Amino acid sequence: MTNALLTRLGMNVPIIQAPMAGVATPALAAAVSNAGGLGSLGLADLPPEKARAAIDDLRDRTNRSFNLNFFVNEPAALDRYDAGPMAARLAPYYAEYGLGAVPAPKAPYPPFGAAGVELLLATRPAVASFHFGLPEASAVTALRDAGILIMGSATTIAEAKALEAGGADAIVAQGWEAGGHRGVFLGNADAPSAGTLALTRQIVMAVKLPVIAAGGIADGAGIAAVLALGAAAAQIGTAFLLCPEAATKPVHRAAIVNAKDNDTTVTRVFSGRPARVIANRFVHEMSDAAVLAAPFPAQHSLTSPLRQPSQDRGSTDFLPLYAGQAAGMARAVPAAELMNALALEWRAATKR
Ligand SMILES: Cc1cc2nc3c(=O)[nH]c(=O)nc-3n(C[C@H](O)[C@H](O)[C@H](O)COP(=O)(O)O)c2cc1C
């Protein structure tokens, strides 16, 4: 089975390994691309020189297509933010780890901009994908003129139509089940949106572009299901987190191994934007403080000092344990082996 998207990208299996900032390594992306899928790097939180090194490393490992991913969020509006109430909520946790005063919030990385366009034009990946909307029109045109296929994430039909109008070549339909940050960019970011089944089918019917389904897909039956809905491919994140090639922290791995179907929740207490994580102490205790969070991604600068001491104690208390609703299906096998299993299962499910 093939389709125009897979043909253009030289893919043999309809599997895109989700870009995952901080977790998806060149080794993981290369293993997926080399197995006939599309490997991705999430570069949102890396300065251009580190992003360039990761891209060069990936290119050394594969001659096949890959995807580079960035965040196009609004810059954090800190001039209008009152940092006092969140600092007061975090102070006891800082005291617990002897960390001193809660710092003033600041954005740990800028949104995608001119430096990102320059990097993409210099490295020319087959695909560039964007979370939280699309870059400005001139950047989209420059990237498309360079032969780079553009993908954007949609959590609603309205967002899918906006991406189509903005010049995207393919839409990632990110269902409510999905692990990590929700790509929402229109309307109320905190409102729950449709699940992968309902969202994929409705976006397939609403746009002319190829649609890639994401969220809660972790085996070949899930891939066959979304292809039956009209998706051109499945984008899979959480199911790759236990692969040895992923940079998933040991405590995060352990939480995924033990995750049950209803252990995840959507919260913005870690970064300032809603993301699906395995619920832990910080999520439970801060659930009423989400409204106090610094604007994305500045909230990270307040919560990240708690992460290393938490890990050092072997505790998941303060880590953002990003994971989707199918976390319990993740397999701790090398990425090539996982790709092989997913392809076999997908073919078997399609025959059934
Ligand atoms: C650990 C983790 C990190 C993620 N980071 C990114 C990212 O940097 N960029 C992005 O577009 N999506 C990111 N996502 C979301 C994925 O693109 C995708 O929507 C999601 O993984 C699909 O759901 P699943 O995890 O249930 O497979 C991330 C997901 C996870 C689990």
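The legends below describe several views of a predicted model, beginning with the whole chain and then turning to particular residues.

View 1. The C-alpha atoms of the chain fill a box of roughly 55 × 45 × 40 Å, when the box is taken along the principal axes. For 352 residues a compact globule would have a radius of gyration near 20 Å, and the 19 Å of the chain agrees with this. Buried residues make up 55% of the 352 residues, and among the contacts with a separation of 6 or more, 68% are accounted for by residues 24 or more positions apart.

**View 2. The surface of the chain and its charged side chains.** The accessible surface comes to about 14,100 Å², and 55% of this surface belongs to carbon and sulfur atoms. The chain carries 28 positive and 27 negative side chains, and the centres of these two sets lie 5 Å apart.

**View 3. The aromatic pair of Tyr-93 and Phe-282.** The chain has a count of 12 aromatic pairs. In the pair of Tyr-93 and Phe-282, the ring centres are 5.7 Å apart and the planes stand at 65°, an edge-to-face arrangement. Tyr-93 lies in helix H4 (residues 84–96) and Phe-282 in helix H11 (residues 281–285), so the pair ties together parts that are 189 residues apart in sequence. Both Tyr-93 and Phe-282 are buried.

**View 4. The aromatic pair of Tyr-97 and Phe-318.** Here the ring centres are 5.3 Å apart and the planes are at 75°, so this pair is edge-to-face. Tyr-97 lies in the loop between H4 and helix H5 (114–123), while Phe-318 lies in the loop between helix H13 (307–312) and helix H14 (335–351), so the pair ties together parts that are 221 residues apart in sequence. Both Tyr-97 and Phe-318 are buried. Tyr-93, Tyr-97, Phe-270, Phe-282 and Phe-318 are linked into a cluster by ring pairs.

**View 5. Ala-154 and the residues in contact with it.** Ala-154 has its place in strand E5 (residues 149–154), and it is buried, with a relative accessible area of 0%. When its neighbours within four places in sequence are left aside, Ala-154 is in contact with residues including Glu-159, Ala-160 and Leu-163, together with Ile-171, Val-172, Ala-173 and Gln-174, and also with Leu-199 and Ile-203. Val-257 is 103 residues from Ala-154 along the chain, and the C-alpha atoms of these two residues are separated by 29 Å.

Notes: Residues are numbered from 1 along each chain as its sequence is written. This is a predicted model: local features need pLDDT of at least 70, side-chain atom pairs count only at pLDDT 80 or more; totals for chains, interfaces and linings use all residues. Side-chain values use heavy atoms; hydrogens and water are left out. The radius of gyration is taken over C-alpha atoms; the globule rule is 2.2 Å times the number of residues to the power 0.38. Buried means under 20% relative accessible area, exposed over 50%, partly exposed in between (1.4 Å probe, protein chains only). Contact means heavy atoms within 4.5 Å. Accessible areas come from the Shrake-Rupley method with a 1.4 Å probe; for residues, only the protein chains shown count as cover. Lys and Arg count as positive and Asp and Glu as negative; His and the chain ends are not counted. The place of a charge is taken as NZ of Lys, CZ of Arg, CG of Asp or CD of Glu. Rings of Phe, Tyr and Trp (its six-membered ring) pair if their centres lie within 6.5 Å; planes under 30 degrees apart count as stacked, over 60 as edge-to-face and the rest as tilted. Helices (H or I, at least four residues) and strands (E, at least two) are DSSP runs, numbered from the N terminus.
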